[in-house]
Amino acid sequence: MGAKAKTASNKKTLKRVTASASKSATKAKSTDLVVSTKKAESADFLPLEGGPARKLPKSAKPLDTSSAVLYIGRIPHGFYEKEMEEFFKQFGSIKRLRIARNKKTGKSKHFGFIEFESPEVAKIVADCMHNYLLFEHLLQVHIIPTEKIHPKLWYGVTHRYKPLNWTQIERNEHNKERTLDEHRKLVEGIMKRDKKRRLKIEAAGIDYECPEIVGNIQAVPKKIKFSED
């Protein structure tokens, strides 16, 4: 075989190898396209920044649709039991309502609980009222699963809060009967505060004659002597 014949044979072999390689590359591309198409169809969304398609993570536990109890957080000042009942009854019938309050002062702790007659209504309220802007507060509304409802959650729900009369409380504290020691401490405190007030007035350069306090502490007897019969 001559040199020309060998060159022609090599060219034919090279063409065959090139053709087979191009066919395999085309086949691989089509296979990758089919796979990527299937992945894209099964995926939930395609990232805007590029990259492979992704699927959203599935929640491990489904939402509890049997509970009708809602947690209401970030309740603003002045939005109490009466106002909450009037506001939320537009969604449906309310079974129970309770706002957490301080046991000593009775002030609101700015969170509470509502139970509706229907779980479907509770779900609608949770969807509509979560992050609802009310008096510059974003309400936090969540459904409480049935297994997480505390047995004492509705303890004292029938008791309606009555505002304390702080004026009467202070009046009673001021007018209560005191012992001699308590009275002496009271007068000492008054005299001490009056002395500080006089010094502040003098330091300010104000020419003012402060009135004398009636009932000097020296007039209070230290002991009471009982006469013997």
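User: Why is His 110 called partly exposed?

Analyst: Its relative accessible area is 37%. Buried means under 20%, exposed means over 50%, and partly exposed is in between (1.4 Å probe, protein chains only). So His 110 counts as partly exposed. This is a predicted model: local features need pLDDT of at least 70, side-chain atom pairs count only at pLDDT 80 or more, and totals for chains, interfaces and linings use all residues. Residues are numbered from 1 along each chain as its sequence is written, and side-chain values use heavy atoms, with hydrogens and water left out.

User: Why does Glu 136 count as exposed?

Analyst: Its relative accessibility is 75%, so Glu 136 falls in the exposed class. Glu 136 also has a positive phi, about 65°, and is not a glycine.

User: What makes Phe 111 and Phe 113 an edge-to-face pair?

Analyst: Rings of Phe, Tyr and Trp (its six-membered ring) pair if their centres lie within 6.5 Å; planes under 30 degrees apart are stacked, over 60 edge-to-face, the rest tilted. Here the centres are 6.1 Å apart and the planes are at 90°, so the pair is edge-to-face.

User: Are Phe 111 and Phe 113 buried, partly exposed or exposed?

Analyst: Phe 111 has a relative accessible area of 26%, so Phe 111 is partly exposed. Phe 113 has 10%, so Phe 113 is buried.
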